[in-house]
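Subject: Structure for you to look at

Hello,

I am handing over the structure below, followed by notes on what was found in it. Please read the notes with the structure open.

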Amino acid sequence: TTTNANCCVTCGNFSEFCTGHCGRITLFQSAARVSYFHVSLKILASLCISCGKLLLKDHPRIARLLKLGATGSYKRCVNEVSKLTSRVKVCPHDDCGTKQPDLWLRWENLIIRPVFYISKEEDFAHLPIITPNHLHCMLKFASPDTIRIFGFDPIFSPLEALMERVL
């Protein structure tokens with residue numbers, strides 16, 4: 001409560017008897033969790049910026065990565081997938097084929113920004129518009145197998161938890 005004349009909405013007491021309550025702030029844009037920022041960058045760089053699928057299709061190491069994801073640490077899994085997908089410049093999935101960012105930058109440890117190098121002016125019109133909410137959706141709609149490949153559990157630790165929506 002802000003004044004003695006108002007009652008607390010949560011407990012119904014006046015300000016002198018209200019013990020205080022935790023607040024909730026809904027953010028306008030998603031923001032990366034600072035403690036997992038480096039992991040978020042590697043995971044987002046391994047997913048297609050348009051369809052959100054893993055940038056490995058029918059790769060011989062996928063079965064091994066799934067096995068490693070079930071038993072290994074998430075850091076090892078993320079590093080392994082990041083190495084395999086770092087050279088992929090176009091989404092390998094038949095229904096997509098989108099050009100991938102050349103570089104992923106971080107800005108003030110809160111926002112992740114993809115960077116495209118453009119050689120011709122007409123390439124600029126075909127670039128996707130990327131917002132923090134778009135990146136959050138990429139992580140949110142990742143398939144359960146993709147989440148397991150990165151060493152996370154789809155039920156208890158989904159990838160969307162790497163981005164903040166509420167403080």
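Of the 167 residues of the protein chain, 34% count as buried. Buried stands for a relative accessible area under 20%, exposed for over 50%, and partly exposed for what lies in between, with a 1.4 Å probe and protein chains only. The model is predicted, and local features need pLDDT of at least 70, side-chain atom pairs count only at pLDDT 80 or more, and totals for chains, interfaces and linings use all residues. Residues are numbered from 1 along each chain as its sequence is written, and side-chain values use heavy atoms, with hydrogens and water left out.

Overall layout

The protein chain has five helices and four strands. Their order from the N terminus is β-α-α-α-β-β-α-α-β. Helices (H or I, at least four residues) and strands (E, at least two) are DSSP runs, numbered from the N terminus. Among contacts between residues at least 6 apart in sequence, 61% join residues at least 24 apart. Contact here means heavy atoms within 4.5 Å.

Leu 47 and the loop it sits in

Leu 47 belongs to the loop between helix 1 (37-45) and helix 2 (62-71). Its relative accessible area is 0%, so Leu 47 is buried. Not counting residues up to four places away in sequence, Leu 47 touches Gly 52, Lys 53, Leu 54, Leu 55, Gln 100, Met 138, Leu 139, Thr 146 and Phe 150. Met 138 is 91 residues away from Leu 47 along the chain, yet their C-alpha atoms are separated by 7.8 Å.

Arg 61 is also placed in the loop between helix 1 and helix 2. Arg 61 counts as partly exposed because its relative accessible area is 37%. With neighbours within four places in sequence left aside, Arg 61 is in contact with Glu 80 and Leu 84. From Arg 61 to Leu 84 is 23 residues in sequence and 9.2 Å in space, C-alpha to C-alpha.

Helix 3

Thr 85 is in helix 3, which covers residues 74-85. Thr 85 has 2% relative accessibility and therefore counts as buried. The side chains of Thr 85 and Ser 46 are joined by a polar contact of 3.0 Å. A polar contact is a pair of N or O atoms within 3.5 Å; within protein, one must be able to donate a hydrogen and the other to accept it, and residues adjacent in sequence count only if both atoms are side-chain atoms. Beyond its neighbours within four places in sequence, Thr 85 is in contact with Ala 45, Ser 46, Leu 55 and Leu 56.

Arg 76 is in helix 3 as well. At 49% relative accessibility, Arg 76 is partly exposed. Arg 76 and Phe 150 are 74 residues apart in sequence, with 8.5 Å between their C-alpha atoms.

Strand 4

Glu 164 is part of strand 4 (residues 163-166). Glu 164 counts as buried because its relative accessibility is 18%. Its side chain makes a polar contact of 3.1 Å with the side chain of Arg 33. Leaving aside neighbours within four places in sequence, the contacts of Glu 164 are Leu 27, Gln 29, Ser 30, Ala 31 and Arg 33.

The largest pocket

The largest pocket holds about 240 Å³ of space. A pocket is found on a 1 Å grid over the protein atoms alone, as an open set of points where a 1.4 Å probe fits, with protein on both sides within 12 Å along at least five of seven lines; lining residues have an atom within 4 Å of a point. The lining has 16 residues, and Ala 45, Ser 86, Pro 101, Asp 102 and Trp 104 lie nearest the centre of the pocket. Helix 1, helix 3 and strand 2 (103-107) each supply at least two lining residues. Helix 1 gives the largest share, three residues.

Cysteines

How many disulfides are there? The count is zero, a disulfide being a pair of cysteine sulfur atoms within 2.5 Å. Cys 96 is in no disulfide, and the nearest cysteine sulfur, that of Cys 48, is 3.5 Å away. Cys 96 is partly exposed, at 23% relative accessibility. Cys 137 is partly exposed too, at 36% relative accessibility.

Regards

Notes
Grid points are joined across faces, edges and corners, and a volume is the space filled by probe spheres set on the points.
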